[in-house]
Amino acid sequence: MAKQLTPQETMRIDLNPPKEGWMDIPVKIKEGIYSYATKPEKVEDVGMPNPHKWAVTDEDWGLPENWKEVFLEGFRERLEKHRSFKIFMDICVRCGACADKCHFFLGSGDPKNMPVVRAELLRSIYRGELTTAGRILGRLAGGRKLTRQVLKEIWYYMFQCTECRRCSLFCPYGIDTAEVTIIGRELLNLFGLNINWIQEPVSNCYKFGNHLGLQPHTFKQNIEFMLMDIEEFVGIKIEPTFNRKGAEILFITPSGDVFAEPGIYTLMGYLMLFEHIGLDYTWSTYASEGGNFGFFTSLEMAQRLNAKMYHEAKRLGVKWILGGECGHMWRVVHQYMNTFNEPVDSLEEPVSPITGTKFENAKSLKMVHISEFTADLIKHGKLKLEPSRNDHLKVTFHDSCNPSRAMGLLDEPRYVLKNVCNNFYEMPENTIREQTFCCGSGSGLNAGENMELRMRGGLPRANAVKYVSEKHGVNVLANVCAIDRATLSASMEYWCPDVAVAGVSELVANALIMEGENDRSLNLRGEEIPGRGTQDEEAQEDV
Amino acid sequence: MDIIISLGAVLAIIVVALVGAQATGLQYLLGIIIPYAAFAVFLVGFVKRVLDWARSPVPFRIPTTAGQEVSLPWIKSAKLDNPSTTSGVIARMALEIFAFRSLFRNTKAEWRSGFLIQGPAKWLWLGALLFHYGFLVTAVRHLRLFVDPIPAWINGIDMIDGMLQIGAPPVYISDLLLIGGLAILLVRRLALPKVRYISLPADYFPLFLILAIGITGLLMRFFFRVDIVGVKTLVVGLASFRPTLPDGIGAMFFIHVLLVCTLLAYFPFSKLMHMGGVFLSPTRNLANTNRMKRHINPWWKPPKFHPYEEYEDEFRELMKEAGIPVERE
Amino acid sequence: MKLSSLLEQHREHIKDEWIRRIANTYPLKTARFLREKHDEFANPVGSTLEKAITSLFSEIINECDPDRIAGLLDDIIRIRAVQDFSPSAAVAIVFMIKDIVRDRLAGEIKKGDLTEELFTFESTVDRIALLAFDVYMKCREKVWEIKMNDVMQRPFMLMEGAMCTSYMLRRGNMHLEKIGNDDEFTDIRRSNN
């Protein structure tokens, strides 16, 4: 008989467990894990360096002649500009506390996805090229040389980190891999080595005001489509304004919600909420993007895209800015915007025109989160609510990485949810609030071609959702993030198909008792609400 | 391989000291010159390193928030985990530095199963805490060798540390903590595959070095007694800058001293600098006041963005057609 | 003694060995992690593996219900389908049980002359492997379906003045009956085609 082929042998074809240290294992770039390379014209649009045509599968990534010097010089410059980066390069003791905190490590099993190793990819270059001890002792001092292969490895893993900061929470020195990834990506952007899924929205946002590249009339038209839906499902006519000077408040939200399911339902929620309370506000087609993919290329690009918010607020003469539900938008708005921009004198300290509440925590930046705003409205009894319309939903809440670990917005959305839904269940405690797991596709990794990566990264979150879904029958995963709405939908479809994804404001609007509304037998998705069908239909069903 | 190199380096230091201790000339080198040099390297190196970090600015306020923010007055904020005041930050840092709070966070999930310490993450917290406190008390206790007469507070620490009253001379609690903590950290690093995977020579070397320091210290106390009066004379002499070298101190002392000197000199160039770095970590030592107070970036430059005027120029006709107001008709 | 009772008797060992071998298909360092930490949420892959294999083995030696078996295979293979495994490596976990049983029970099978029963058992395993193949394909097709939906929703694919495709398709159908030749919607559908 011929030699037998054992399962172990078949598998060994693909998978050699590494026996050497990680530095000795050259990177294997795999389909389904990476996103496609930047298109040169999208780099050019915003005047970033080295626009060129390249593909991830190419042997030659089109690096300039002096790439090594540029990289190391860029490295040095950033060490001098960021104390965080310098300290994080120096003080890691490799205790391993972060290792199993990363959703990508948990979902992929790839040891290079341990946050410590991801950072060591850069640290090894730092030691091997930029410190005296490392230059002399080399590997003995944990240093290695920068080669084209190593650069590819850095690229591969810098785009397998969602900058979610979960590891930073567990680090005894607060070493933040997000900070390392942000700077790692900045360095790669010196050579035009980004992914197009990030670069194209950046270019769009720069030129058209939003990631999707919606021109002013299209932006308005899309919202008008939703107004038609509201008219049909709710029976009321809403007429919001665009680019209106003299409005009290400017409302900015991620453009993803203007465009894709299920985000559009959240946007319909905003429209109804503002109508309900008679808010004097305007949309802007120019500052029509809350999110900031610039943050995933370089801090400078983030600043350039962010500048529009204040610029537009000043032009329109509004008193303050209200921001919609979004994750990384709030990372930039909360932690960077007040530093990126000079103060705008025409803005005033935010006060809710409905309740008179002063938002003391936003008195300098003058920008308030919709969950803070809505929670205040509910607390003061300014919303007429019928939460039983959401009774067929069993809701759990996913904390988005940025609002939880870079802001601390934890109880506001929960307060809102508990007032608009009667069935609310928390996921296990080590998967929520500050310990929340990433959706698996943040920081611009929500492309289509890297779906395997996204599914892996989404596993720890989905696993916890599955738990409450099996235990309590949870069927809705609520959140306050436009990226979550898009990516968790995909992740749920794969891991727990019975769970739908919804923005908090969508659930608010479903429960809102609007003046002049119809019988509200349909929800914002145009689906019939169980138990609220019209008499006729019920009679028909009986027959 | 990394382990062997690190262990070999420590053994080499011991051999050098052992050989050196036999010759008076080399004793002078080991007992006086090297300690001065090592201490100087430590002091200058440490200060330089910290100043070097401090020289880099903190352009953005980026605390890792680990609890509820301050927002509406009726929502309870997490004063320690998401501080918005200086005192909150100090308390957060104190918990971080004295109780290793972030490492302890690991335990939370496991409380449910009824065990306090379970799984590798808890061992890390425990080992780290034991080791660092053991090291601190041991270091403070050693001050009694540097001053004469010995201040009461050092004697107090000495007494409390030795209160177990096991054996003669009594075993110090801090010695047990130090060695026990080190053992946990070392075993963990060797036994846990994921930690071993990430370990470098720079991780093993300090462990072996400090372990060797602890062991030689214990050996001196219990087995290879050294002339304590001679040691005190030498150390007080060093401390008062009138170094003398008494005879017959014993080789074990020189081994111990050379190991300590290696540690001092190695310290500023190694990961051991986390001792200084933890105080400067921007994700921990900043208050979450971003929207309340403007944080200034010293290298700030005005952004080059796409201003509204240009946008309107590009889309004016489309905007007018769609009924969106424009600045210039 | 019959093979089934032998399997029952050695249940713990065989099950643990099976989990160990599956974990070993991951890189060394990860394999240990998968085996050692069992918090359901801190280590989803490891705990799923443990739970599913335990139930799967019981199912094999007791009821052998194909639906339940497919469900348990789904738990494990759904994960492997998006990890760095070739299709064969993803489903090969099923065959491992054959080797384990032979390694563990070789002597007793020979002694008790249980070869016939072993063949039956192995045929069962083969059928389960076929189920695993179905499950794997189902998962991969799902990934591609999600990918395709994702691409269809891409803004760059769309004409000016349009909305998210899946939404428009649905809305279009809803309106088709109600409003028939509503200009706005037919226009959009045309421009999308």
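How much area do chain A and chain B bury between them, and what share of it lies on carbon and sulfur atoms? In this predicted model, the two chains bury about 8,200 Å² between them, with 58% of that area on carbon and sulfur atoms. Arg83(A), Arg94(A) and Thr339(A) supply 10% of the area that chain A buries against chain B, more than any other three residues. Chain A brings 105 residues to the contact, and chain B brings 86 residues.

Polar groups also meet across this contact. Between chain A and chain B there are 69 residue pairs in polar contact, counting pairs with both residues at pLDDT 80 or more. Helix 15 of chain A, residues 299–316, gives the most to the side of chain A that touches chain B, with eight residues. The count of salt bridges between the two chains is seven. In a salt bridge between Glu372(A) and Arg291(B), the closest N and O atoms are 2.7 Å apart.

Next come the nonpolar residues. In soluble globular proteins, nonpolar side chains tend to be buried together. Here the largest nonpolar core has 142 residues, and Phe71(A), Phe75(A) and Trp155(A) have the most contacts inside it. Helix 9 of chain B, residues 201–222, gives the most to this core, with ten residues. The core lies between domain 1 (20–194) and domain 2 (200–511) of chain A, because both domains give residues to it.

Leaving aside residues up to four places away in sequence, Trp155(A) touches several residues, among them Tyr34(A), Trp54(A), Trp61(A) and Leu188(A). A second, separate core has 92 residues, including Val258(A), Ile264(A), Tyr265(A) and Val504(A).

How values were computed:
Residues numbered from 1 in each chain as written. Chains lettered and ligands numbered in written order. Predicted model: local features only at pLDDT ≥ 70, side-chain atom pairs only at ≥ 80, totals over all residues. Heavy atoms only, no water. Core = buried A, V, L, I, M, F, W, Y, C linked by side-chain atoms within 4.5 Å. Buried < 20%, exposed > 50% of the residue type's maximum accessible area, 1.4 Å probe, protein only. Helix = DSSP H or I, 4+ residues; strand = E, 2+ residues; numbered from the N terminus. Domains from an automatic or database assignment. Contact = heavy atoms within 4.5 Å. Buried area = accessible area lost by both parts, 1.4 Å probe. Salt bridge = Lys/Arg side-chain N within 4 Å of Asp/Glu carboxyl O. Polar contact = N/O pair within 3.5 Å; in protein donor to acceptor, adjacent residues only side chain to side chain.
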